[in-house]
Amino acid sequence: MSGDDASRGLGARFAAAARGARPSKEHLRLLRSPAGKCPSCQAPGLKRYRRPDGTNVSARLAQTALVYASVPRDTIAECPSCGAQWPVFAEGPKALEPSPDVSVEVIETERSYEVDHVEPLELDNLGGMGSMKHTLTRTQEWTQTLEVNTEKAKTEDATSGADIPGIGTFSRKTEEAVKSTYSITEETRKELTREFTFEVPAHTKRNVSFIYRRVWQHGFARLRRADDATIEIPFRVAVDMTIDLAAQDTIA
Ligand SMILES: [Zn+2]
């Protein structure tokens, strides 16, 4: 089978999955390369996918699976290496809408603690004649998740959520500003390690619970447009993980 036949086959499979919509020439070239090479600079790997107003589209959906029925027809691919943009679909728009001129201020509000999970442990020294000493290490990996709540976005004239014109772009601006404030890159992973020492007295059973809590920093981005209108978009970002201890003793 020649390369052209393979390409036609892939294009037809794409069109069948996308209910008749054909891929663009550029996107077909990317799909044909197993490493997902950029059609401009040949850089491999996942590209960024967005709609013209900047709303994110799942990269895995748009690039690695042939499930194009659910990919919006105006999705634009962008190479993170060279910045090239191209339409995913043959009839799609060629580039993102120019970003409106806005300034963004990140304002922090409260912190909250959310129980992630609880790990129970029993230290049984009921039959012991002397005290029992234990040192335990707990390690937990966590992700610096960011959530931008566009549904709760509001303007001074009380327009809210999806009704705000250009909300996709403002949401993207908020995401960029918050990520830079908290030094978050895509899926920043952190690791927490703590050591605990227990001394359980004789004839005692101690039921210990390690309580893992995610620490959320809440706040909002205040975006000011060139015409001086402001938009506020709330966010929360996971900034830390804590481990607390609860213990209860049973005495024989
Ligand atoms: Zn590229």
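Predicted model: local features only at pLDDT ≥ 70, side-chain atom pairs only at ≥ 80, totals over all residues.
The protein has four helices and eleven strands, and its C-alpha trace spans about 80 × 60 × 30 Å along the principal axes. A compact globule of 252 residues would have a radius of gyration near 18 Å, whereas this protein comes out at 26 Å. Of those 252 residues, 17% count as buried. If we take contacts between residues at least 6 apart in sequence, 71% of them join residues that are at least 24 apart.

Turning to the domains, the assignment gives domain 1 as residues 3-87 and domain 2 as residues 102-251, and their centres, taken over C-alpha atoms, are separated by 35 Å. Four residues from domain 1 and four residues from domain 2 take part in the contact. On the domain 1 side of that contact there are two polar and two charged residues, and no nonpolar ones.

Next comes the sheet, an open one in which four strands follow the order E2-E1-E3-E4 with antiparallel pairing. Strand E2 (56-57) and strand E4 (85-87) stand at the edges, and because each has a single partner strand, one side of each is left without a neighbour in the sheet. Strand E1, residues 48-50, and strand E3, residues 76-78, run antiparallel and are joined by three bridges; within this part of the sheet, Arg 50 stands opposite Ile 76 in E3.

The buried residues of H4 include Ile 167, Phe 170, Lys 173, Thr 174, Ala 177 and Val 178. In general, an α-helix has 3.6 residues a turn, so residues three or four places apart point the same way. And what do the buried residues of H4 pack against? Their partners are strand E5 (102-125), strand E7 (146-148), strand E10 (204-225) and strand E11 (230-251). Just after H4, Ser 183 takes a positive phi of about 50°, and with that residue I will stop.

Notes
Residues numbered from 1 in each chain as written. Buried ≥ 20, exposed ≤ 12 C-beta atoms within 10 Å, placed from the backbone. Helix = DSSP H or I, 4+ residues; strand = E, 2+ residues; numbered from the N terminus. Contact = placed C-beta atoms within 7 Å. Domains from an automatic or database assignment. Nonpolar A, V, L, I, M, F, W, Y, C, P; charged D, E, K, R; others polar. Pairing = 2+ DSSP bridges. Rg over C-alpha atoms; globule rule 2.2 N^0.38 Å.
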